[in-house]
Amino acid sequence: MAANALEPLCEVPAFQDSTDHSAIASNILSSPVKEWQRPKIAGKVDEIAERYGQPGELMPNPVLLAAKDGSLTTRVVYTHSDGTQVLEASITPPADGSRPLLILDGQHRVVGMSQSAVPNNPLPFVILANQGTPVYSESTYAQIFAEVTTKSTQLEQLHDEWLKFAFRLDTYDMRGRTTDTPAVQAMKTVVHLCSWSPQVPKVNVFRNKIQFNPKKQAAAAIGGGFAFDATNLRKIVEKGYFANSTRATNLVPTDVAESLSEALIALSQVITTPLSRSVFFGDPGYKQLPAQYGLMHGLLEYLAVHGVPSAGWQPVFRDLKFDTSNWDFKSWVNQLDGNVGNRSRDVAALIFREFFAAGSLPRGVRDIPSYLRGDDARLLFEVREVGPGGRMRRSGTPHELVVGRLGYIADLSDTTKLLYKGCTSSIARVELRDRSAPFSNHYSVANVKRGAATPRPQGDSAELGAEVEFYGGVTQEFRIDLSWT
């Protein structure tokens, strides 16, 4: 059909650049799903109009259309001996004045060719006629778009993500399952968190702030903190709760979502650091994504171990001394970008999970910010007996070495080896080296972890330096003096 004759018949069920995040979140849980197409991309329309704007140009790739219920009628023209039929189809616009056809795939081709210099160039199409016994529904049309488009033309990541969730594709595939996968449960949590509108006096600080529309930025939940897109928040919730191997509770997505909102409100009321200067809710220069990421993991760990706190979140935060801690990190953090930022995020998540699971601070830990900076940080080594050929003996009790900021003096012999066993959760990275041979990797963490040989050096002593990295790229050097007897 001529492109300019086809275009007025076609409707595109697309969300708009201005569509609210909460509207998209509500939409993808509805049945049928509405507005599943992406907004029109002007540059793509112009490119097609220019390419096919010459007389006689034929678009080789047909568009995929669907007829709305009752808008298409057919008349059999010829029936072959094998039963195959040729039909003549007629389109009648619906009584409500809407367009009779839906574009499932190819909106830019239809609009681009109809706006070209030769708008009557022919455009091939395939139409899902839905004649006889109906096969298709509005949900089926949307799913066909999801199947076709998420596996061919690259959608924007967020659109691709929630389409796959809406129709249980790829990460959200439910085939062979009767219960929701952790990924499905996690995205249901995020959808509810973005769309939930509680009755006063309750407040949902995430409503319409989690990014679902790729054309609109996420907004901070409180102050300058906790602005997430749907994909990243789904991954945090999935890992932190629904795929958590230590989970002892069985909360539904709505409970998890509502408790996260309530937790952030309680946190903003408990901390005594001004919100604008805190790592959680601060202005640019004060807020820190690794700390926010870590806190979310801590909250989810608490929910996984203890469930929703019956007395609310404020007592939980007070038990962990959030109210007496200084959450302004600006003066001591060195770096939060690149690999250092990734390590800071991971170590923050580990610490918050550990402390929220326990519900209290470990002995010797004054508060979480001090611990993040390296207070009470320790490295753990063992001295093990070795037998013939340098193999470690299974019998015998190893001697443990706990190395802190003040260093350690360790006694070795010709029949012992030094092994690295680990560190406290505040340590993001350890580099171990012989201070007299800094370019040698003989005493690297990997070698000492495997129990590399520790031969007696000339002079019967060696000095090892351990550069330890904490949150925010803060570093400290620990020292281990080895002596052979």
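L380 stands opposite V402 in strand 8, where two strands count as paired if DSSP finds at least two bridges between them. Strand 7 (residues 379-385) and strand 8 pair in the antiparallel sense over 5 bridges; strands here are DSSP E runs of at least two residues, helices are H or I runs of at least four, and both are numbered from the N terminus. This is a predicted model, in which local features need pLDDT of at least 70 and side-chain atom pairs count only at pLDDT 80 or more, while totals for chains, interfaces and linings use all residues. Residues are numbered from 1 along each chain as its sequence is written, and side-chain values use heavy atoms, with hydrogens and water left out.

Now for the interior. A nonpolar core is a set of buried Ala, Val, Leu, Ile, Met, Phe, Trp, Tyr and Cys residues joined through side-chain atoms within 4.5 Å; buried means under 20% relative accessible area, exposed over 50%, and partly exposed in between, with a 1.4 Å probe and protein chains only. The largest such core has 117 residues, and those with the most contacts inside it are F212, F280, L295, F322 and F356. Helix 10 (residues 289-306) gives the most to this core, with 9 residues. Leaving aside residues up to four places away in sequence, the residues that F280 touches include L267, L295, F322 and W327, a contact being heavy atoms within 4.5 Å. A second, separate core of 15 residues includes L6, L101, V110 and M113.

Charged pairs come next. Side chains of opposite charge can pair when their charged atoms come close. The structure holds 30 salt bridges, each defined as a side-chain nitrogen of Lys or Arg within 4 Å of a carboxyl oxygen of Asp or Glu. In one of them, K215 pairs with E156, the closest N and O atoms being 3.5 Å apart. This pair links distant parts of the chain, 59 residues apart: K215 lies in the loop between helix 7 (182-195) and helix 8 (230-242), and E156 in the loop between helix 5 (138-149) and helix 6 (157-166). K215 counts as partly exposed because its relative accessibility is 46%.

R433 forms a salt bridge with E477, with 2.9 Å between the closest N and O atoms. Finally, a network of salt bridges links R343, R429, E431, E467 and E469.
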